[in-house]
Amino acid sequence: MGFDLRSRTLGILGIAEELTRQLLRKDLHALVVDGIDDLDRESLAIVDVVHRRTGVPLIVTTDGGPLRQGSAAALLEQWPQATVALSSLHYDQASGLIAEILGAPADVDTTALILTKSGGNLRLMVRILESARLSGRLVLKGSLWHLRSGQNLTNEHLSGTIEALLHGLTSDEARVLSLLALRGPSPVSEIQADAGEDKLGTLDALEHRGLISVTAGPDGRLLASVFPPIVEEHLRAHARSKRKILRSSIPEGATLELESGSSTDPAIALAALRGEMTGNHAAMARHFQKGLEALEELHYGRWNSDRSMANAVSFLRVYWGAPVNRRRVLDVFEHTDSAGSDPADLLFFIITRSLWTVLDAGDLPAAMQALDRFAAEEPEWQSEIRAWSLFLDACYNRMPGDWDAVLNALPAGHLDSGVILVVRALLELFRFNPEAALHTIDAAPAPDTLPRYEILVRGLALFSSGRTDEALGYALDRRRDALERIDQFSLVVSSYVAALALLYRGLFDEAEYLMGWAFSLRRPGFLLGSIYNAMLRLSSLRTGATSPSLGEQAGTETREVGPLPAVGTGVYNLVARPPTDADSFDRAGARLVQDHIEHGYTFEAVYSGLILLCLFPGTRLKHTLNGVLQDMNNTTHRQLLQVAEAAIEGNTTHLDTVLEDYTSDEDTYQIAMLLQGAVRRHRASGSLAVAAAIEERARRFVDRFGPEGTFIPFAPVSDASLTAREREVALLAGLSSNADIADKLGLSVRTVETHISNARRKTGATTRSQLSAMVRARSS
């Protein structure tokens, strides 16, 4: 409080009296104690006296376990209480925190690593960030922070923080925690047996303190592990350096399995997801990640001992979903012995290598040449290689105009590999023919080479055919299976499908939880990288230009178009950096839809058009989207387009008729959002009476059909009216206090306040961080 204690001794009552005087004089309305467990008795007495004298609310944080200071418990018991459980941070929250502390967001892998190591603990995450910056572990490359090559987050500046978390452990608790750190996730029954029957309360005490997490394990058993993970690393290093615990306590590898039981019923699956959201998702993600790391080490170790093609394929199948160690991948590609290999293994090896050539080197022609050489050397696989070449060309160039004729002309090939049928199903999906995609995948035998693509095809086919709830139930069910099998490929794919279905219903919290769960595992390699980036862009839809950091983490792809929703950057660019007026947004949206059509990506053309039309409806966009659907003889969105036409025209009589005749379908939430977008459009154009009339009809529509989603308050924004000084201040407002800005720019604090107030009024920003993000987006 700034007291000079050298001149006099205030004592408990003196300090309490001064603090009371300051509270009353400054008209402060609350007393906040962060970590009341850590206060000594004298400090607790001061808080008690001040609280009694002022009567202001007392807000305290604790670790959730029994209070270690008896006087703290006595203090809190004197007054009526309300307890709020603070859940661990999600990925998007962690990303925002990093941007706030460091001044810019971190890349995906660094963000995921910080989130994982901290276990989502806010205070610990801040300390990790501060210590990483202090120790020079982070470097700014472009607009994103990256962890320096070869570095990790553990550093000398963190030791005190970790030791403080461990302070006060009993000898039994410390022993159990150290053993668990070495063994990794272990059944609770085994840990209890090691601790001894007379110490069964040890695990309970550690869980109360938040130092272990317990999640569901195989056959209903519970798995315990040290938490947060950075504490586990600290204990493991300490125990190994002291050699107090035998290294044989460390298992070769661990797998994570969850209790079985799921349902494709969307209501049940959604309820289960919401229940999961209240749990310790950071601990679950950590268990999954450790299991994935164990699988990688297991299969790479086997290949290193015997560099056969069979072992190489087993390892590469893990890497189709896991974060990729580039050195290991190149090692496997260059040093695998192909002599005497199973031809099916050779096919998977060359398919994987061609995909790596495209994604790592960006060299599609070189990948095609390698495939042609393999087909010449192994003529029995020519049909599969030709089909895979078509797929690569469709994904990374454009849809070949004659692809269906080429596939129809191919010999049957090896049906059990499933390559030709999976490629056909995916290409049908790209051109927005979901029924044909479903028919193809249903007719195919279980594919040996590309078995996990069925989740992507079936889930997106259900979604694009208007069966949103069915797609959601299916995807959540497959995600559950992926968690049990430690299958990141299926986890990311099913999360992507489920997120699209949830976003289409406006359930942003649930969608962002699913995507954040996937992000916390770090960026996967191979084809999953594009889907992972797509989810990063989808995560930015709700915040748009006000918080573009997640979309920025998706990388630097320059293609605005892509075969699947959000794989291209077009929609994200329009939402994060929108044109400055409604007409420009309409033209840009219509042009984007047309670009997708010209590349043969009809599915994404329709999805992009629907999103943009509902955000901010315009005549050109509606006309272009309507033309695409008519060409496909698709009537799924007929009612939505009718509402859009009447709302854009401002013809309230026609709108009344259309809304009166409307029957609930999969587009209910989208129509509600479209009506609100029409209100903003007419209001921006000065047609206030029309805007008010549509707003009333939008309210009645929501009351009648009750869509449960969150609506996006989107509109093109401009900072063109800001002065140079207002723009300069606005860019700093999200990261610095008024006093810091004033000191940096040589202004008075009052002048800074005036500039921020004017800039918020002109841009419509509601917060300082939103203002800063909006102006930064328009400046980039």
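Modeller: Before we start, one definition: axes are lines fitted to C-alpha atoms, for helices over the stretch in contact, and angles run from 0 to 180 degrees between N-to-C directions. Also, keep in mind that this is a predicted model.

Biologist: Okay, so how far apart are the axes of helix 20 and helix 21?

Modeller: Helix 20 covers residues 419-430 and helix 21 covers residues 434-443. They pack at an angle of about 165°. Anything over 145 counts as roughly antiparallel, and therefore that's what these two helices are to each other. As for the spacing, their axes are 8 Å apart.

Biologist: Which residues of helix 21 does helix 20 meet?

Modeller: On the helix 20 side you've got Leu421, Arg424, Ala425, Glu428 and Leu429. The residues of this contact split into 6 nonpolar, 1 polar and 2 charged. Helix 20 passes helix 21 in a left-handed crossing. The partners in helix 21 are Ala436, Ala437, Thr440 and Ile441.

Biologist: What about helix 31 and helix 32: are they roughly parallel or antiparallel?

Modeller: Look at residues 619-631 for helix 31 and residues 638-649 for helix 32. The packing angle is about 160°, and the axes sit 10 Å apart. Given that angles over 145 count that way, helix 31 and helix 32 are therefore roughly antiparallel.

Biologist: And which residues of helix 32 make that contact?

Modeller: Helix 31 passes helix 32 in a left-handed crossing. From helix 31 come Thr619, Lys622, Leu625, Asn626 and Leu629, and from helix 32 come Leu641, Ala644, Glu645 and Ile648.

Biologist: How do helix 22 and helix 24 run, roughly parallel or antiparallel?

Modeller: Helix 22 is residues 453-464, and its axis is 9 Å from that of helix 24. The angle is about 10°, and angles under 35 degrees get the parallel label. Helix 22 and helix 24 are therefore roughly parallel.

Biologist: How many charged residues are in the contact of helix 22 with helix 24?

Modeller: Residues of helix 22 such as Tyr453, Leu456 and Phe463 are among those meeting helix 24, where the partners include Phe489, Val493 and Tyr504. By class, the contact has 12 nonpolar and 3 polar residues, and the charged count is: no charged.

Biologist: Which residue has a positive phi although it is not a glycine?

Modeller: Most residues other than glycine have a negative phi. With a phi of about 55°, it's Ile486.

Biologist: Which two residues does a cis peptide bond join?

Modeller: Most peptide bonds are trans. Here omega is about -5°. The proline involved is in the loop between strand 7 (222-226) and helix 11 (229-242). The pair is Phe227 and Pro228.

Biologist: Last one: over which residues is the pLDDT below 50?

Modeller: The chain averages a pLDDT of 84, with 87% of the residues scoring at least 70. Where pLDDT is low, the predicted coordinates should not be read in detail. The stretch below 50 is residues 243-263.

Notes: Residues numbered from 1 in each chain as written. Predicted model: local features only at pLDDT ≥ 70, side-chain atom pairs only at ≥ 80, totals over all residues. Heavy atoms only, no water. Helix = DSSP H or I, 4+ residues; strand = E, 2+ residues; numbered from the N terminus. Parallel < 35°, antiparallel > 145°, perpendicular 65-115°, else oblique. Left-handed = near helix turned anticlockwise from the far one by under 90°. Contact = heavy atoms within 4.5 Å. Nonpolar A, V, L, I, M, F, W, Y, C, P; charged D, E, K, R; others polar. pLDDT = per-residue confidence, 0-100.
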